[in-house]
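Take a first look at the structure below. The text after it walks through one part at a time.

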Amino acid sequence: MSLIHKTAAELGALIAGGEVTAVEVAEAHLDRMAEVEPKINAFLHVDRETTVEQARAVDARLGAGERLGPLAGVPIAHKDIFATADMPTTAASKILEGWRPPYDATVTSRLRAAGLVILGKTNLDEFAMGSSTENSAYGPTRNPWDLSRIPGGSSGGSSAAVAAYEAPLSTGTDTGGSIRQPASVTGIVGMKPTYGGSSRYGLIAFASSLDTPGPFARNVLDAALLHEAFSGHDPMDSTSIDAPVPSVVEAARQADISGMRIGVVKEFGGDGYQPGVLARFHEAVELLESLGAKVVEVSCPSFSTALPAYYLIAPSECSSNLARFDAMRYGLRVGDDGTRSAEEVMALTRAAGFGPEVKRRIMLGTYALSSGYYDAYYGQAQKVRTVISREFEAAYHQVDVLVSPTTPTTAFPIGERADDPMAMYLADLCTIPSNLSGNAAISVPCGLADEDGLPVGLQIMAPVLGDDRCYRVGAAVEQALESRWGGSLLSKAPAL
Amino acid sequence: MTVGTHMPYDEALARFEPVLGLETHVELGTASKMFCGCKTTFGAPPNTQVCPTCLAFPGSLPTANAVAIESTIRIGLALNCSIAEWCRFARKNYFYPDMPKNYQISQYDEPLCFDGYLDVEVDGRTVRVEIERVHLEEDTGKSTHVGGATGRIQGADYSIVDYNRAGIPLVEIVTKPIEGTESLAPEVAKAYATELREIMRTLGVSDVRMEEGSMRCDVNVSLMPRGSSEWGTRTETKNVNSLRSIERSVRSEIERQAAILADGGRIIQETRHFHEDTGVTTPGRSKEEAQDYRYFPEPDLVPIAPDPAWVATLKDALPELPSVRRKRLQAEWGVSDLDMQAMHNADAFDLVEATVAAGAPAADARKWWMGELARRANESAVALATLPITPAQIARVTELVASGALNDKLAREVLEGVLAGEGSPDEVVERRGLKIVNDEGELSAIVDQVIAGNADAAEKVRSGKIAAAGALVGGVMKASRGKADAARARELILEKLGVSE
């Protein structure tokens, strides 16, 4: 099997055992990227030399006997919303075109410390606002299963890169589903850790109380290895949880769910859900039961209010977070010809630098926070958020994890929802509640929809700091399904 | 700049009752900024104390300075406030180039400290100023507008921004409306700011240098017609930067508003600026086109939840507060209100107290500091405490006087020597040969010599004109170069000339 088809764990072992070098592994992936990028457009920035140099340095560290983690020398695609001191960081926005941060994000520096080799920066919806990667200022990314379809979003470059074998691993951020939904529609694994479990320092903020860095991989164990590599307390992030990282790798290896109590969220299903998605989901629930889990139905009525609450809270925070892009200290500057005031230059720059979806959300948020509307919008949304968190807590008294489809439909065609924001927002219907409550949730592949032959994802939600439960259940499902399929779901994808 | 008419102060007070409100910003003297590790040294070259967080680079995050939170709680406790058991920072959103994030991390409806008071003494009267809230926030950068006549942004050719100040911890102390101060309103405002400044110094939380902007006052004034109980529209005079200007700006604003109201006009709710040179305020930004700051809880920071037990230990550990200390010192020293006020104005409490602690009687300690030394400090326009002389040295001089080794005149010479850097009091006495002549034989010889040399004066004394003895005493003092004990010399002269008083 060629290097690009190996798992991250396998590559780590081969490199540690001296059977291949990190440089060879990096070059194999860079070659694959050169071959398929014209079709996929997963990357915004690739610099072969920088990447090979990183790989060479890891080989040298290993050669010098340094003990690095299990992923040392393994390549990774890094979402272009994490600051990287040696590569541009743009958040897929014109307003940051060419900007090079003077520092690494905590996630970035932890990847480097663990010896991961960064292949490049991946595409996303501008400032992570979207569910299709069509909102990138640098053109859409395409789904490797069907190049006419979206790879999900906002972390669509990261999901497509892994699904297209350009990288065994990638990073994403999940604010309303931006890891789980892209994982679901590209047939890979994507995990949103507990909020505060992974550091936001150096992650360009969209909605501070929701943004959560997390891993993408082609299998559950690889995702757990990456999760462990970059998670844990960071004094630079005040909201980071000062507690040990849940033992996610052990849980992924254990893959035993006998005796576990699993709740099916009653509210996620019915109208608006694609039949093929529901069929695969119900089969997955049966599978869980056959593996020894006790399945019950759980009602969470407040989840139906999660989407509107999210579309008040996230834009409110974004309207404030994005105020710093004012042409004064970095990034784009428009109209500074000596005749205009600072205020005019700010306005011209923001008008030219932000795309339509970003502007829409800034305006929504500005309105929701304004005097006289705050209580009715932002204040009310925060109350809904509290109710949702309580409902989750109550549910977790009954069950160990909750399950649902990750997203109501399979990958939709590029352009189909581009002019219909509400339809686009519905892609995150099932993922948003976990962001509002801050709990952990993963998406694992559970088959192909009959109508279109496209991947369907199973979402497994666990309480705050119960991340290991997501991996344990996810690994059990993966094991059972892959033995049924005779290989990974991704092996059924058409060749590129 | 248009300066409207002002009504004479007494007339204004006869027709209207002033209501005050003060918002005071105090920059805390922490080693690092509020939300990052940058230094806070005043006067560093522009933009040298900055980092990704205080420049609001994408992805940077704030972390709260624990010392600043502790200092704010101590300020609140000193102002008799309740301390929140749980509160949050909030974002105050508005665009301005010297504010890197285009929002300020501040506190909104959940201040760290609330509902306190501060008693101030004015004209022998105690006025209780109620404190609405004390909260913690961050300072902005500093804009300099180049070109244009006013130094303001309007009309400037370009502006430059120094972000060294951006993110320095700032405590805002807001009073409730202060009523019933009548004609003392300007003095009350000044006394409040003075007392606040002393509390900050006593707590050691800020250098409170108004001229460097580490303490700034916004002064709110409104008038209501006599007989009315409804407050008038207020104006807010921003960033008044000296105690004297606070007093003057209140007076000026009362006179200005009174003239407008008496004329049937209406006060515009606006911010105003005080001009030191003309002593009047001029309009700034009108608040009627109100900014909407879109406050919401700061999601990047966890809530502050000070443990009540810890707050109690902070309260127990508060130093003696200025007003309590003044009462204690006045009782210990037995001095009048007027003397206390003089020492207060001269910033002499520490010096006098240290001198007393070094063994000097309180009256002597106060006499030297408020007399000779205050005169010296005044002459060279420096603060008393910066004179190159220590309380211990003053105590030694008073000791020498008490033992009879020096008289007051010699003591002044000793002080002069110490101030001139000639060494300790004993060294100056030694080097200048200033010891008083208290050897009876030596003094007697000098007296004989003076009597012999001034036969006319001696004869006058003998014949009963005792007043003429003064000339002979003067002669003795001159001959002894001031070191004689003048009283003893007089006794000896009269004795030798066979007369008595």
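Predicted model: local features only at pLDDT ≥ 70, side-chain atom pairs only at ≥ 80, totals over all residues.

Step back into the helix itself. Helix 2 of chain A covers residues 22-40. The helix bends by about 40° at A:Ala34. A proline, A:Pro38, follows within four residues of that bend.

Now look at which residues of helix 2 of chain A are buried. They are A:Ala22, A:Val23, A:Val25, A:Ala26, A:His29, A:Leu30, A:Arg32, A:Met33 and A:Ile40. These buried residues pack against several elements of chain A. The helices among the partners are helix 1 (8-16), helix 3 (48-63) and helix 5 (156-163). The strands are strand 1 (43-46), strand 2 (75-79) and strand 3 (117-122).

Move along chain A to helix 12, residues 356-369, where A:Tyr367 lies. Is A:Tyr367 partly exposed or buried? A:Tyr367 counts as partly exposed, because it has 16 C-beta neighbours inside 10 Å, while a buried residue needs 20 or more. A:Tyr367 and A:Lys492 are 125 residues apart in sequence. In space, their C-alpha atoms are 47 Å apart.

Next, turn to where the chains meet. Here 26 residues of chain B are in contact with 34 residues of chain A. The chain B side that touches chain A has 16 nonpolar, 5 polar and 5 charged residues.

Finish with chain B as a whole. Its domain assignment gives domain 1 (9-311), domain 2 (320-432) and domain 3 (440-496). The centres of domain 1 and domain 3 of chain B, taken over C-alpha atoms, are separated by 68 Å.

How values were computed: Residues numbered from 1 in each chain as written. Chains lettered and ligands numbered in written order. Bend = angle between axes of the 7 residues up to and from the residue. Helix = DSSP H or I, 4+ residues; strand = E, 2+ residues; numbered from the N terminus. Buried ≥ 20, exposed ≤ 12 C-beta atoms within 10 Å, placed from the backbone. Contact = placed C-beta atoms within 7 Å. Nonpolar A, V, L, I, M, F, W, Y, C, P; charged D, E, K, R; others polar. Domains from an automatic or database assignment.
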